Amino acid sequence: MTPGAEPVSRRLVVALLVAALVLILPLSLLIGRGSGGGSFGLGSGELAATILREIRLPRTLLGALVGGTLGLCGAGLQGLMRNPLAEPGILGVSSGAAFGAVIVFYFGLASSDSLLLASGAVAGSLAALAILYGLAGRSVDLVRLILAGVGINALAAALTSLALNFAPSPYAALEILFWMFGSLADRSMAHVWLMLPLAVPGWLLVVAAARGLDALILGEDTAVSLGFSVKRTLWLVIGGTALAVGAAVAVTGVVAFVGLVVPHLLRPWVGYRPSQLLGPSFVAGALITVAADIAIRLMPPGPELKLGVVTALIGAPFFLHLVLKSRGRLSS
Amino acid sequence: MSLTTDRLEVRYGAMLAVEPTSIELKAGELVGLIGPNGAGKTSLLRALAGIPVAGSQVSYRGRALSSFGELARARTIAYLPQSPQANWPLSVRELVALGRLPHGRFGQRLQPADHAAIERAMEQTDIELLADRPIDQLSGGERMRAHLARAFAVDAPVLLVDEPVASLDPYHQLSVMQLLGDYCGEDRLVIAVLHDLNLALQNCSRLLLMNAGKVVVDDAPQAAINAATLAEHYRIRAWLAEHQGRRIAVPWELLDGDD
């Protein structure tokens, strides 16, 4: 039996994903940097409670929230563009947010856990969205939208490089770089509370587009004839992604390719309809990100590998593989 | 039941694609929308489907279509575009189920009525055996029937189809026309853009002949397609004959007129 042919397999896969997430969250709480043996690297008593509450709990929660956001938004954008190569980063929202944060860094206005830096990142994602709207807002032409995203990405990269180029000190440059590689290390509950008020409305907007995304499978005219305005679907997904991914980048930096890989892996199992893909993509995105972060913590002591570096190392070849596979289809 | 247009016009910028058109279409009619390329057939059909175009004034049962909610309008008028697309390799059943979108609500599973409509649409179009096949693995004729089933599943009193038989072999052309005839036999209105004059002559109950953005002939098929209208609007001479009491028109040669 081919995967995805039966709704039973979808329910089973979703149940397994949820179960795996439920299991991995406490596991993530128990595993620390270089931990081993019965104490799980916690020490005992008061100290253990503090480590759990102050370090591992926020790290685990952020991993799940950021990963879930990226999976959900990736599935939403792929549905919107009807293209398995779409990714939250492709519209320039991530790089816009990263640039916003870099600017705050550059002028030495804030440290990595401050509200100011987070607002810089959200402002960056909103600026990217504003430019996007200026370039492609009146049209519902998705190719135009993707091209606008490519342009915004290039602009944000150029400006970020400029900031790096003129970084006031090697330390500032290093700080900018390290922050641009997304990481979950040294985050606190403050970051969680920073992210949630923006991310939750973002999720809801994307989820609200579910039926419109299903209708879009049949093309834009047919979607309209089925009662779903393409423009509304477009801005639900884009607006929701800007909010949620902006908030995620604000607290963890750029974690690339989770949004690309997750929906792609799930599609054969849960079906091709975006409405069926959104929820599982959130769960699987959370699962993969938390798992990757556990793997990072289990590595031998030394400079910690950044989460964003790991996802890029796995995701970029995957992206190239997808491009190769779809080469014939894209050129036709 | 009637679908009427009151001075409906379609503009693309400064270009008037459809000049003000007032027509009344009734249930039980299989209306063929014919005419040369660029006559405005597709523009008129899209306007009737409620796809936003400037200046469209369409009424259903005397009520302006623009005052319908989007989903209510979608439940009233189903639309199948020219060369319909499916962007992901859904199974045939999933594709047909998309026709039920206007009937559902957010987060709601398919209801028994939805399943009934889906099964019925697949039965009408004879694709039940293909139900679990991915749409991209079907032949052209099978795929067209699947898309037609998707449009049937909307279960709307009005069905608009744009060149449903283009790129189909003769068997599937006749079978699609028959399916459209059956659909409108249930006291529903079907409007089909057609290029094949003989399919239009033999299957439609009424023909609208468009040319240069205007409905220039609105008549029974035998009256709408004759030597004079073919010469004037299609700029061709056709071989006209009768078979089993019905007219046949075989396009034969160009009439060189103004160019």
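In which crossing, left-handed or right-handed, does H3(A) pass H4(A)? Before you select anything, note that this is a predicted model, where local features need pLDDT of at least 70, side-chain atom pairs count only at pLDDT 80 or more, and totals for chains, interfaces and linings use all residues. Residues are numbered from 1 along each chain as its sequence is written, while chains are lettered from A and ligands numbered from 1 in the order in which they are written.

**Stop one: two helices in chain A**

Select residues 93-106 (helix H3) and 115-136 (helix H4) of chain A: their axes (lines fitted to C-alpha atoms over the stretch in contact) are 6 Å apart, at an angle of about 140 degrees. Helices here are DSSP runs of H or I with at least four residues, and strands are E runs of at least two, numbered from the N terminus. H3(A) passes H4(A) in a right-handed crossing (the near helix is turned clockwise from the far one by less than a right angle). Now colour the contact (C-beta atoms, placed from the backbone, within 7 Å): among its residues are A:Gly96 and A:Phe99 of H3(A), and A:Gly120 and A:Leu129 of H4(A).

**Stop two: the sheet in chain B**

Next, show the open sheet of four strands in chain B, ordered S2-S1-S4-S5 with antiparallel pairing (strands pair if DSSP finds at least two bridges between them). S2 (15-26) and S5 (63-64) of chain B stand at the edges, each with a single partner strand, so one side of each lacks a neighbour in the sheet. Two bridges join S4 (residues 58-60) of chain B to S5(B); pick B:Ser59, and its bridge partner in S5(B) is B:Ala64. Finish on helix H1 (residues 41-48) of chain B, which packs on the sheet and touches S1 (2-12), S2 and S4 of chain B.

Methods:
Axes are lines fitted to C-alpha atoms, for helices over the stretch in contact, and angles run from 0 to 180 degrees between N-to-C directions. Two residues are in contact if their C-beta atoms, placed from the backbone, lie within 7 Å.
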